Amino acid sequence: MMRSGIANAMSFLAFCSKKRPRGAFTDQTGSVSVTDTALVQQMGQVITTTVDYPGIRFESLAVRVADRDLRGLSAPLLSGEITVSRAGADLDPGDVIILDSDRKGLDGLVVRVVEIDHGDGRANGIRLRIVEDVFSLGDTALIGDETSDPAPLIAAPKPLTRRMVTEAPYWLLVQELGHTQADDLLTEDPDAGTLLASGERPSSDALSAQVWADPGTGYVQEEPVEFVPTALLAADVTDDPAERDLTVSEWTGLEDLTTGTLAAIGDEFVRIDGISATSITVGRGCLDTVPMAHPTGTPVICWQHMANATATQFAAGENIAVKMLPQTGFGTLPLAQAPEDQATMASRAIRPLPPGDFRGDGLFVQMLSGTEATLSWAHRDRLAQTSSVFDDYSSPDIGPEPGVAYEVRIHWVDVATEETMEPAAAAINVAQATSLTLTDADYPQPPIGVEMAALRVRAVREGYDDRAFREYRVLMGGKVQITDQELTIFFSGPGVDVTGQDLVLGFTGPGVDLLHQDLILSFEPPEMGVIAQELVIEMNP
C-alpha cells in the first residue's frame with residue numbers, strides 16, 4: 001500500500017444557485033469557498049481551483065460537495081493491491097470495504113474496489129486493486145467566506161435581431177418529405193407553400209426558439225428551430241455574380257459553420273466556399289435566387305443545417321405574420337415582446353428555377369452598348385437540383401426541367417424614376433434555346449419620352465414564371481417617339497441672312513428612326529442666301 005500524488009494546499013471556489021433573502025431562487029449564480037487551512041499553513045501557499053456546480057441550488061449542499069472534492073485534490077490518496085479469500089468473489093468495482101491492520105497502521109480505513117482479479121484457476125485468492133475513498137459527502141462542512149456574485153448564468157430571453165423568414169423553396173420540401181411526397185403535395189395543390197424561419201442565438205444561454213405564425217386568424221405555434229451562425233456584411237455588395245469575396249464582421253456561432261452550406265443574404269442564397277473571421281467566399285445566386293445588391297449591415301444567415309419547414313401549409317397570396325420566441329432556462333420570450341416579420345406566399349415551390357449565367361454580349365454588365373445585343377443564359381432544373389451539392393449562378397447548363405420554356409421580355413424604363421415598367425412591352429418565346437441576338441425590329445415603338453429598355457430572360461412552365469430575375473438595360477437610340485413634335489432652329493449671324501424666317505423640320509408618323517440617318521444643313525455664307533426661303537425636311541418612318 002502506498003500514497004500517490006503530491007500534497008497541495010487548495011482554496012476551492014464553487015458556484016451554485018443563489019437565493020433571495022426570503023428564500024426564492026433566482027437561478028443566478030452564488031459562490032462559496034472551502035479551504036484546508038491546516039495544509040495552507042503547512043505548505044505556505046494556496047492553489048485556487050474553481051468548479052461550477054450549475055445543478056446545485058442549495059448553498060449547504062454546494063459546500064459539502066466542494067469539501068469532498070477539496071479532500072480529493074489536496075491530499076495524496078492511499079492505493080494498492082490486496083489478496084482476499086473467496087469470500088470477496090461477490091465484490092464489484094466501486095464497492096466500499098474497510099481495512100484494519102495493526103502492522104500497516106490501518107484503523108477503519110475506507111477504500112473502494114477499483115479492479116478485481118478472480119485468479120487463474122490454480123490460486124484461490126481474489127486480488128483487489130483498491131484506492132482510498134474520498135468520494136463520500138461529509139455531514140457538515142465549514143464555510144469560509146462568500147464571494148461577490150458573478151454575472152448570471154441564466155437570464156431572461158432576448159429577442160432575435162438577425163433573423164430570416166421566407167417561403168420555403170422546393171429544395172427544402174424535398175429534404176423533409178422526399179421527392180415523391182413533395183411532388184404529390186404540389187400535384188394536389190400547386191400553390192401550397194410552407195415557411196422557413198431561422199436566426200441567430202441571441203444570448204449564450206438561449207436553447208432554441210419557438211416559431212409562431214399568424215395567417216390572419218391568430219398566432220399558432222409551429223415546430224421550434226435551432227439557432228444558426230450569423231454575421232453582418234461589413235461593406236456593400238453588388239449584384240455582379242463575379243463578386244464572391246465578401247467582407248463580414250460580428251460573427252455569432254462561427255465555430256459551427258462549415259463550407260459547402262447555404263446562407264441567406266437578403267433574398268439571395270449563397271454557397272459558403274471559404275470562411276474567416278473577417279470575410280467569406282461565396283457562390284452567388286443558388287437554388288431559385290439570383291445575385292442581388294446588398295448594403296452594409298445586411299445579416300448573413302447560415303440557415304441550411306438547422307432548417308426545417310413549418311408543418312402548416314399556406315395558400316398563395318396569404319400574408320403570414322411570424323414571430324420567433326427564444327427560450328432559456330429562465331423561460332420563453334413573451335409573444336408580445338418578439339419582433340414580427342411578414343412573408344407573402346407566392347407558390348415558390350412549384351415555380352421553375354430562373355436561368356443561370358445570364359449575360360449581355362458575353363458580360364455581366366448592366367448597360368449594353370446597343371440594341372442589337374446578344375443575350376445568353378444556362379439551363380436550370382428544379383427537379384434535379386435537390387442534393388446538398390449546390391450549383392451557383394455561374395454554373396453551366398443543368399437540365400432543363402421538362403416543360404420549361406424561356407421568354408426574352410422587353411420592358412420600358414421610366415424616365416423620371418428609372419424604374420422598370422410593367423408589364424413587358426414585348427415577349428419573345430425562344431422555347432429551350434439558350435441565346436438570342438436582338439435586332440431593331442424586335443423592339444416595339446416606345447412611349448413618348450422613353451429612351452431606355454430593360455431586357456430580361458424568364459423561365460416559364462405551365463403558367464408559372466420563375467420567382468427571380470436579372471436584367472440588362474439599353475439606350476434606344478433611333479427608336480425615339482417624336483410624333484406631333486416640331487423642331488425649330490433659329491439661325492443668326494453675319495454669314496446667313498434668315499431675317500424673319502424659321503427653319504421648320506416637320507416630323508410625321510408614329511415614330512421616326514434616326515439611328516442611321518444624318519441631317520446635314522450646310523450654310524456657307526455669304527454665297528448662300530435663304531432670305532424669305534423655307535427649308536422643309538419630311539421624314540416618314
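The model is predicted. Side chains of opposite charge can pair when their charged atoms come close.

**Glu407 and Arg409**
- A salt bridge joins the side chains of Glu407 and Arg409, with an N to O distance of 2.9 Å.
- Glu407 has a relative accessibility of 19%, so this residue counts as buried, because the cut-off for buried is under 20%.
- Arg409 also counts as buried, because its relative accessibility is 13%.

**Arg456 and Glu471**
- The side chains of Arg456 and Glu471 form a salt bridge at 2.8 Å, N to O.
- This pair links distant parts of the chain, with its two residues 15 residues apart.
- Arg456 lies in strand 27, which covers residues 452-461, while Glu471 lies in strand 29, which covers residues 471-475.
- Arg456 counts as buried because its relative accessibility is 5%.

**Arg458 and Asp466**
- Between the side chains of Arg458 and Asp466 there is a salt bridge of 2.6 Å, N to O.
- With a relative accessibility of 9%, Arg458 counts as buried.
- Asp466 is buried as well, at a relative accessible area of 2%.

**A network of salt bridges**
- Arg244, Arg271, Asp273 and Asp392 belong to one network, joined by salt bridges that share partners.

Conventions
Residues numbered from 1 in each chain as written. Predicted model: local features only at pLDDT ≥ 70, side-chain atom pairs only at ≥ 80, totals over all residues. Heavy atoms only, no water. Salt bridge = Lys/Arg side-chain N within 4 Å of Asp/Glu carboxyl O. Buried < 20%, exposed > 50% of the residue type's maximum accessible area, 1.4 Å probe, protein only. Helix = DSSP H or I, 4+ residues; strand = E, 2+ residues; numbered from the N terminus.
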